[in-house]
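Dear colleague,

I am passing on the structure below, together with some notes on what was found in it. Please read the notes with the structure open beside them.

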Amino acid sequence: MIRAFHRWPGLFALVLVTVLALSGAALSVFPAAERLGAPQAEKGLSVAELATRIQAAYPGVEQIRRGPSGRITAYWFDGGAPGSAVIDPTTGQGVASADPNQIERWLTNLHRSLFLGDGGRIAMAAGAAAMLVLSLSGTALVARRAGGWRHWFTRLRGPLSGRLHVEIARIAVFGLFLSSATALWMTASTFDLLPDRGATPAFPTAVSGEMGVALANLAVLGDTPVAELRELNFPYPGDATDVFTLKTDQGTGYLDQGTGALLNWSDLTGWERVSETIYMLHTGQGAATLGLVLGIMALGVPAMGATGVLVWLAARRGRPRIRGNQPAGQAETILLVGSEGGSTWGFAATLHAALTDAGQSVHVAPMSGFAPARYARAKQIIVLAATYGDGAAPASAKGFLDRLSALDRAPSSAIAVLGFGDRSFSAYCAFARDVAAAAKAKGWPELLPLDTIDRQSPQDFARWGRALGEALGIDLELAHQPVLPTTETLTLISRRDYGAEVQAPTAILRFTLPRATIWRRLTGAGFSRFAAGDLIGIMPEGSPVPRLYSLASARRDGFVEIVVRKHPGGLCSGQLTTLVPGDTVTAFLRRNPGFQPGRSRAPLILIGAGTGIGPLAGFVRGNAQRRPIHLYFGMRHPDSDFFYGEEMPAWQEEGRLARLVTAVSRGARPHYVQDALRGDTAELARLIRDGARVMVCGGRGMAAGVADTLAEILAPTGLTPAVLKAEGRYVEDVY
Amino acid sequence: MKSLLAALALTTALTIPGIATARPVALTTTLNNYGGDGAYLALYVTDADGAYAGSLWMAGGKSKYYEHLTDWYRATGGDPAQINGITGASVGAGRTLEITLDLADALFDAGYTLHIDAAVENMRDSPNEVAVPLTSEGADNPVGGRRYVASFGYSM
């Protein structure tokens with residue numbers, strides 16, 4: 001719901017809000033420039049003294065104004081010709097033209113009315129209202145995504161456009177909220193919707209009738225410091241009934257031109273003061289620094305507009321049309337989808353198509369539309385649930401748990417829950433777990449136990465599909481392509497073989513970089529930009545399902561490298577490990593921003609076993625800035641599967657690798673990487689306490705063992721792997 | 001270019017509804033290129049003693065800015081009834097405001113003076129920008145203003 005309040009005003013008002021933001025940012029420069037450029041009055045200078053100086057220079061002076069920047073302007077008539085100038089208060093002489101800056105005037109009119117008069121003002125006010133709605137709904141979304149207000153500035157993960165959007169938003173939102181709210185107030189004031197009209201004192205009915213008091217004898221002007229002056233109007237020459245009119249920060253009054261007496265005075269009203277403060281906050285006139293800050297924040301709007309549209313397009317593209325969706329009352333299988341960004345809908349579409357091909361009648365609906373009373377012919381209910389942020393329900397699953405708990409009893413048709421998530425989050429598939437637990441608590445019969453899909457893995461999904469097919473008694477082959485990637489052809493340059501002696505044949509495969517078109521290079525698409533730790537999807541011959549491997553090289557290494565172990569009966573690993581130089585593979589790149597060492601200089605603790613060394617070796621190879629890296633590497637036997645063993649000494653010599661600790665599992669005394677960590681307890685605790693980042697790559701069992709070991713090691717420091725994960729200092733890439 | 005049917009102006013005291021001794025008068029105000037936003041203009045008449053007699057036209061729609069038309073505002077207290085039905089848009093720099101009103105014959109050659117107060121955002125307020133006596137001879141004799149008005153004239 002909140003997302004809808006963010007998406008639609010954003011898309012509709014995109015152009016308007018962009019014009020507002022850019023013109024506003026440009027305008028924010030002027031008050032600061034005026035503040036710097038305006039000659040300021042010396043402290044304690046009185047209005048009487050200032051007026052005397054100006055009158056000496058310009059005897060026909062009619063009006064003196066002081067702007068919020070301190071700039072003093074005088075207007076006069078001399079010999080029938082009007083004149084005006086910016087005044088240096090120390091001399092009373094004009095120093096610059098007082099004519100309005102034409103660029104500022106043009107920008108102001110664009111900013112407030114698109115040069116379209118009142119209609120334009122209302123359109124721009126609508127733009128400001130959209131900005132306000134976007135700020136408020138965006139704030140709620142950021143808080144929800146981060147997992148609460150306390151985590152407002154937490155580290156972000158996920159695709160770049162979404163991260164950039166939030167990254168800019170969580171700083172700029174304060175300024176945008178202030179600018180848009182004050183804009184609406186100012187529009188209301190312009191259209192007379194607020195009782196903030198200035199109170200003008202009644203014009204004096206009786207004056208002394210004399211003229212010619214010396215400015216120095218006007219007591220009120222003598223008592224008023226220039227800093228409080230806004231405007232001083234002189235009486236018409238020769239008109240004895242006219243008076244001096246004085247406006248200050250306090251109010252407005254009239255002074256007799258014969259006696260200098262104060263004839264009438266009225267203070268500013270409370271509403272007037274509020275409106276003036278709001279005017280200052282919006283324009284920066286009188287608060288130039290704030291104005292500049294707001295201007296810089298406004299510059300984030302076009303970037304947020306562009307990234308916002310990308311996020312929306314990605315979600316739209318990711319949500320396919322379901323063809324042949326059966327009505328809820330007639331379907332045997334009900335497929336409920338809890339998706340935030342839309343990718344889970346893609347899996348639902350694949351499952352729907354496969355089940356339909358197998359002769360099932362299937363109804364797909366969002367989890368938020370859960371209505372068991374309507375599922376008259378349902379035999380099974382399958383729930384595909386992503387997780388939002390820190391374990392919250394994703395957008396299309398809102399209210400599901402409430403509806404479930406409100407049921408008298410669970411539906412009789414059996415349930416299978418499949419969670420979608422990313423293991424690098426501490427709350428991996430938390431919402432799916434909640435759903436499964438709630439179903440169990442209700443006594444809902446189980447078709448399949450809870451299973452999970454890590455990072456949209458097609459392999460995981462195909463494996464779960466076979467289990468589902470078995471449970472349903474049908475042959476189910478789920479070939480899911482999350483997003484049709486553009487594949488490229490890579491040619492093998494060289495291979496190094498290891499592990500045959502320890503029954504784990506493994507190869508380090510090095511491929512050429514595919515040739516990139518200029519456009520792909522500019523946009524950084526595919527293999528024109530990648531880092532170690534990113535993933536390569538290999539399309540094996542004979543299967544439409546790609547297999548993902550972690551990259552052990554970066555673009556600037558000039559080649560694509562992976563470490564592949566041949567699994568018995570493995571289709572893709574079998575093909576890869578029989579390649580000879582000159583052979584080609586079809587592959588695409590998938591970014592993995594959650595598993596990157598980052599630019600920090602903090603020490604890096606890399607922990608890996610077996611082929612998990614791949615991306616870690618890539619990090620070490622790319623460590624040109626000599627960041628202290630501590631590598632813990634578990635292998636079977638140093639003579640057989642010490643991957644990159646040849647390069648390690650050179651890397652250490654060059655300072656790319658500060659320390660290498662190996663653990664050997666075959667031999668008289670089996671030693672695992674966890675044991676190596678335990679042997680370094682004091683050093684590791686110290687490094688992590690001082691801000692080191694931990695990256696783990698390898699099999700699932702090894703990663704769990706490492707997490708347990710680190711929990712022991714960190715216990716005395718009060719830190720846990722979970723806390724480190726939440727801070728983004730503990731990341732895993734497991735398979 | 002503004003022109004107005006006399007009927008619209010009948011609400012003011014100066015147009016004396018129903019009395020046959022009134023005639024259509026065209027008032028033409030041309031602004032110079034002063035390099036600012038649209039000007040607010042108040043056209044009004046004072047009697048032989050200099051007392052406010054009534055308003056003829058208000059160019060500018062937002063009453064919150066009327067206080068910058070200093071003399072007019074002082075005379076009327078900003079009373080919206082004074083310009084009810086005789087209000088139009090502000091006049092851009094270099095533009096001409098033309099209005100035609102049925103004015104009572106009694107206003108001419110009787111010591112009445114027509115005034116224009118002008119004001120422009122972020123520029124000087126110019127009360128009494130124009131002050132011309134209403135006389136039969138004065139017709140078709142345009143005069144200049146102090147700051148914003150290049151020429152003002154009336155013709156019968």
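In chain A, strand β2 (residues 72-78) and strand β3 (residues 81-88) run antiparallel and are joined by seven bridges, where two strands count as paired if DSSP finds at least two bridges between them, and where strands (E, at least two residues) and helices (H or I, at least four) are DSSP runs numbered from the N terminus. Within this pair, A:Tyr75 stands opposite A:Ser84 of β3(A). Please bear in mind that this is a predicted model, in which local features need pLDDT of at least 70 and side-chain atom pairs count only at pLDDT 80 or more, while totals for chains, interfaces and linings use all residues. Residues are numbered from 1 along each chain as its sequence is written, and chains are lettered from A and ligands numbered from 1 in the order in which they are written.

The two strands belong to an open, antiparallel sheet of eight strands in chain A, in the order β4-β3-β2-β1-β5-β6-β7-β8. Because β4 (93-96) and β8 (262-267) of chain A stand at the edges with a single partner strand each, one side of each is left without a neighbour in the sheet. Helix α4 (residues 47-57) of chain A lies across β1 (61-66), β2, β3, β4 and β5 (229-233), and runs at about 135° to β1(A); here axes are lines fitted to C-alpha atoms, for helices over the stretch in contact, and angles run from 0 to 180 degrees between N-to-C directions.

Two helix pairs in chain A may also interest you. Helix α7 (residues 160-190) and helix α10 (residues 288-298) of chain A pack at about 115°, with their axes 8 Å apart, which makes α7(A) roughly perpendicular to α10(A) (65 to 115 degrees counts as roughly perpendicular, under 35 as roughly parallel, over 145 as roughly antiparallel and the rest as oblique). Among the residues that make this contact are A:Ile171 and A:Leu178 of α7(A) and A:Val293 and A:Met297 of α10(A), contact meaning that C-beta atoms, placed from the backbone, lie within 7 Å.

Helix α2 (residues 14-27) of chain A packs with α5(A) at about 150°, their axes being 9 Å apart, and the two are therefore roughly antiparallel to each other. In this contact, residues including A:Leu20 and A:Leu27 of α2(A) meet residues including A:Leu107 and A:His111 of α5(A).

Finally, the contact between the chains takes 15 residues from chain A and 13 residues from chain B. On the side of chain A that touches chain B, the elements giving two or more residues are β2, β3 and α5 (102-113) of chain A.

Notes
Two residues are in contact if their C-beta atoms, placed from the backbone, lie within 7 Å.
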